[in-house]
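Reader: Could you walk me through this one, starting with a strand and then moving on to the core and a pocket?

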Amino acid sequence: EQAADQRDYLHAADPARRYVELIRAAMVAGEAHLNSPDGTHPENPDRWGWTAFEGGGNVPNYRAKGDCIGWVDCDAVYLEPSAAYRVAQKMGGQNDGFPVSERTLRKRLSEGGWLATTDRDRGKVVVRRTLQGHRRDVLHFNAARIMSDESAQPAQEAQEAHDTGTE
C-alpha cells in the first residue's frame, strides 16, 4: 500500500503527466479543442473537443468548444505549445496551478518520453509541420498518449513495472 501511495504521489508531482491530464480534461470540459490539419473538425470530433448540433439534413454539424490548442491527424496530435500551456494553467486552477515554466515543461515532456518525435537536427523538442496552411512549431504526441489514461503511462514506467513484477 505504501508503494502505491508513493507511486500516486510521484504521478501527481510529474509536470509532464499533469500537463497531459489537464489537456485531456480541457477537451472533455469544453475548454479546448483540436482541429484537423486543414482547420475543420477532425475525425471523431467529439473526442477532440467538438460538439454535434442540428444544422439541417441527416449529417450532423460540429462546433468547436473552447480554445484551439492544436491539431489531430490520424494517430498524431500536434499541440501549439503556448496555447496548450495557457489552457493547462487555466485548468490547473489557482490551488494547483501549473508547477513549471513552459520551457521546463517542454524539457520534461521530452525527457519523460511523452513526445512522439522531436527535431534533433535543430536541437528542439518542437517539430515543424504545415497545419492550416502555415508552417508551425508544434509538440508532437501520439494521440493515444493524450486521450487514454492507460497509454498515457510513459514507456519507462511500464518497463519499470515489468522489471519489478508490479504490472
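**A strand, a core and a pocket**

Author: Asparagine 61 has its place in strand β3 (residues 61-64), where strands (E, at least two residues) and helices (H or I, at least four) are DSSP runs numbered from the N terminus. This is a predicted model, in which local features need pLDDT of at least 70 and side-chain atom pairs count only at pLDDT 80 or more, while totals for chains, interfaces and linings use all residues. Residues are numbered from 1 along each chain as its sequence is written, and side-chain values use heavy atoms, with hydrogens and water left out.

Reader: Is asparagine 61 buried, exposed or partly exposed, and why?

Author: Asparagine 61 counts as partly exposed because its relative accessibility is 30%, and buried means under 20% relative accessible area, exposed over 50%, and partly exposed in between (1.4 Å probe, protein chains only).

Reader: OK, and which residues have the most contacts inside the largest nonpolar core?

Author: Those are Tyr19, Leu79, Phe141 and Ile146, in a core of 32 residues; a nonpolar core is a set of buried Ala, Val, Leu, Ile, Met, Phe, Trp, Tyr and Cys residues joined through side-chain atoms within 4.5 Å. The largest share of this core, 7 residues, comes from α2.

Reader: What does phenylalanine 141 contact?

Author: Leaving aside neighbours within four places in sequence, phenylalanine 141 is in contact (heavy atoms within 4.5 Å) with residues including Tyr19, Leu79, Trp114 and Ile146.

Reader: Switching topic, how do the residues lining the second largest pocket divide?

Author: That lining has 7 nonpolar, 2 polar and 4 charged residues, where Ala, Val, Leu, Ile, Met, Phe, Trp, Tyr, Cys and Pro count as nonpolar, Asp, Glu, Lys and Arg as charged, and the others, Gly among them, as polar. A pocket, on a 1 Å grid over the protein atoms alone, is an open set of points where a 1.4 Å probe fits, with protein on both sides within 12 Å along at least five of seven lines, and lining residues have an atom within 4 Å of a point.
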